[in-house]
Amino acid sequence: MENYQKGVGNIGLPSVRWVSLGVAKAWRFCLISANLALLQPQSSGNGYAFSSKNVLSRSTGATSAQRKATFSWSMLCGLMLFALGLISLFTGHVASDLEWYSQHLVNRRLYSKLEEARRRAINIWESKLSKNYYGCSKRSPRFASAVKERSSNGYLLIATSGGLNQQRTGITDAVAVARILNATLVVPELDHHSYWKDDSDFVDIFDVGWFISSLSKDVTIVKRVPDKVMRAMEKPPYTMRVPRKSEPEYYLDQVLPILLRRRVVQLTKFDYRLSNILDEDLQKLRCRANYHALKFVKPIEDLGHKLVKRMRKMAKRYIAIHLRFEPDMLAFSGCYYGGGEKERRELGEIRKRWETLPDVSEEEERKRGKCPLTPYEVGLMLRALGFRNDTYIYVASGEIYGGEETLKPLRELFPNFYTKEMLVNAELKPFLSYSSRLAAIDYIVCNESNVFVTNNNGNMAKILAGERRYSGHKRTIRPNAKRLSALFMERNKMDWETFARKVKTCQRGFMGEPDDLKRGKEFHEFPDSCICEKPSHQKIKEDEGNNHHDLQKE
């Protein structure tokens, strides 16, 4: 009894009310059952007759059998209702006990753990779950070997489009398309006419010999169409552009018949021209092409890794920030970045280059998360997430609109601010005229960083995010621009602690964790078919090994 009273004492008012209701219902049902037993209708040939002594009496014509039946029915109803009253009384106690246990046991043990996990600070430098996953893109036994050049259906020429990383998506997809068509792939041609005006060829950026040999079991690749084939052609190579995100069936239905008839087909403006959704073998081929076959040439590799060493010499770990804040990009976005009428006039003039761009609302675009973060906003986000101002950062960028004045707030938030131009001088001169080669150097430094951050959702951000996921889910922070933009607009209305807490909440799901993977997104950014989870026993062994290592360190 003492234990029960203790329990009741801790239930609280709602639970006491449950018990009271249970008792009240029990008594009420008992009384109702007794009254109904007395008020039970007693039938006769003449109907019902009332008397002053009894609430209801039967007329004199009733038989003894009828009396017995009526009495049994009344008792049955009364007993049933009395039982319901007892059940109500019992459930009142059960409800109160359940509530007490849920508050004192479940809430304290289970719910507190769930809440703790939800509120627990994220390790801003690395994901604890990353060790459970690994990149897996090996050829499966059922994936047939590549067809020989003589037996192929013809030669596939590819003209890529855009900057370095946009072209990289085209090269990766070209390998898969050549496999779909059973074609011989000619080393893709890079874009010399885009905004960046870089006349670098494939061999100037990527190791062409490695590219051909590493994919030899999957696709036959040659440096050019043989002269003998070109001389035998009655017409020049057939040129066509396929729709974006085309399915394999499109290539088989629309491209293959032409290839068989003409022997050589060129696909132009080839970027994002293949569907995100392919069978697993083809997706893994994409990963082999992107993460293994596309290796930078030695001069680029050497300078990139020299920059990484210099960053590591100053600090054991560093953040790489990819800033897209060029005037043309800002003009294209249609957003306003706080530069007054001068900014509106200058960016408005640049925007006129694209005749088909619609008029947009600056405020609406920002609310929709379509505006790249400013350098200052990137710095605020990182500080709110918990990075200290003595953290070393490497900034990869092209021309910054507003120059040093735009970068000044970021430098003040992170004084240990470096770029490739600051870390190397004479070594960089041979590359200065080639934007794609400079982008390749930045790619290496960003990929080797402990944390990669971007202010945009451009091609380099997507490609790097995909490779870092494939390489062990290295911390990759993608701003949740839609929610952050509202926070930045309200920044002056809240203290720093509130702002930081809200930023951390906004960024959950945007920190490069394994569970950020989402099917249906861009495959180059979320290469889920090429990321495998380690078996449970292997995870346990690794955890034990890590614990043993930690004990030795102690």
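## Arg142 and Asp281

Arg142 is exposed, its relative accessible area being 63%. This value, like the others in this report, comes from a predicted model. Asp281, in contrast, has a relative accessibility of 12% and counts as buried, because the cut-off for buried is under 20%. A salt bridge joins Arg142 to Asp281, with 3.1 Å between the closest N and O atoms. Arg142 sits in the loop between strand E1 (133–135) and strand E2 (155–160), while Asp281 belongs to helix H9 (residues 280–293), so the pair ties together parts of the chain that are 139 residues apart in sequence.

Side chains of opposite charge can pair when their charged atoms come close. The structure holds 27 salt bridges, and the bridge between Arg142 and Asp281 is one of the pairs described in this report.

The side chain of Arg288 meets that of Asp218 in a salt bridge, at 3.0 Å from N to O.

Are Asp218 and Arg288 buried or exposed? Asp218 counts as buried at 3% relative accessibility, and Arg288 is buried too, with a relative accessible area of 11%. Arg139 belongs to the picture as well: Arg139, Asp218 and Arg288 are linked in a network of salt bridges.

## Helix H9 against helix H18

Helix H9 packs on helix H18 (residues 459–470) at an angle of about 95°, and the axes of the two helices are 11 Å apart. H9 and H18 are therefore roughly perpendicular to each other.

From H9, the residues at the contact are Cys287, Asn290, Tyr291 and His292; from H18, they are Ile463, Gly466, Glu467 and Tyr470. By type, the contact of H9 with H18 has four nonpolar residues, three polar ones and one charged one.

## Helices H19 and H20

H19 contributes Arg483, Leu484, Leu487 and Phe488 to the contact, and H20 contributes Phe499, Lys502, Val503, Thr505 and Cys506. Six of the residues in the contact of H19 with H20 are nonpolar, one is polar and two are charged.

## Strand E11 and its surroundings

Strand E11 (residues 475–477) holds Arg475, and the loop between H20 and strand E12 (531–533) holds Glu513, so a bridge between these residues ties together parts that are 38 residues apart in sequence. The side chains of Glu513 and Arg475 do meet in a salt bridge, at 3.0 Å from N to O. Both Glu513 and Arg475 are buried.

Thr476 lies in strand E11 too, and counts as buried at 7% relative accessibility. A polar atom of the Thr476 side chain lies 2.9 Å from the backbone oxygen of Lys474. What does Thr476 touch, not counting residues up to four places away in sequence? The residues are Phe452, Ala465, Arg468, Phe510, Met511 and Gly512.

## Ala183

Ala183 is placed in the loop between helix H4 (164–181) and strand E3 (184–186), and at 3% relative accessibility Ala183 counts as buried. Leaving aside neighbours within four places in sequence, Ala183 is in contact with Ser152, Asn153, Gly154, Leu156, Ala178, Val219, Thr220 and Leu259.

Ala183 and Arg263 are 80 residues apart in sequence, while their C-alpha atoms are 9.4 Å apart in space.

## The chain as a whole

The chain has 21 helices and twelve strands. Of its 554 residues, 47% are buried. Among contacts in the chain with a separation of 6 or more, 78% are between residues 24 or more positions apart.

Notes. Residues numbered from 1 in each chain as written. Predicted model: local features only at pLDDT ≥ 70, side-chain atom pairs only at ≥ 80, totals over all residues. Heavy atoms only, no water. Contact = heavy atoms within 4.5 Å. Helix = DSSP H or I, 4+ residues; strand = E, 2+ residues; numbered from the N terminus. Nonpolar A, V, L, I, M, F, W, Y, C, P; charged D, E, K, R; others polar. Salt bridge = Lys/Arg side-chain N within 4 Å of Asp/Glu carboxyl O. Buried < 20%, exposed > 50% of the residue type's maximum accessible area, 1.4 Å probe, protein only. Axes fitted to C-alpha atoms, helices over the stretch in contact; angles between N-to-C directions. Parallel < 35°, antiparallel > 145°, perpendicular 65-115°, else oblique. Polar contact = N/O pair within 3.5 Å; in protein donor to acceptor, adjacent residues only side chain to side chain.
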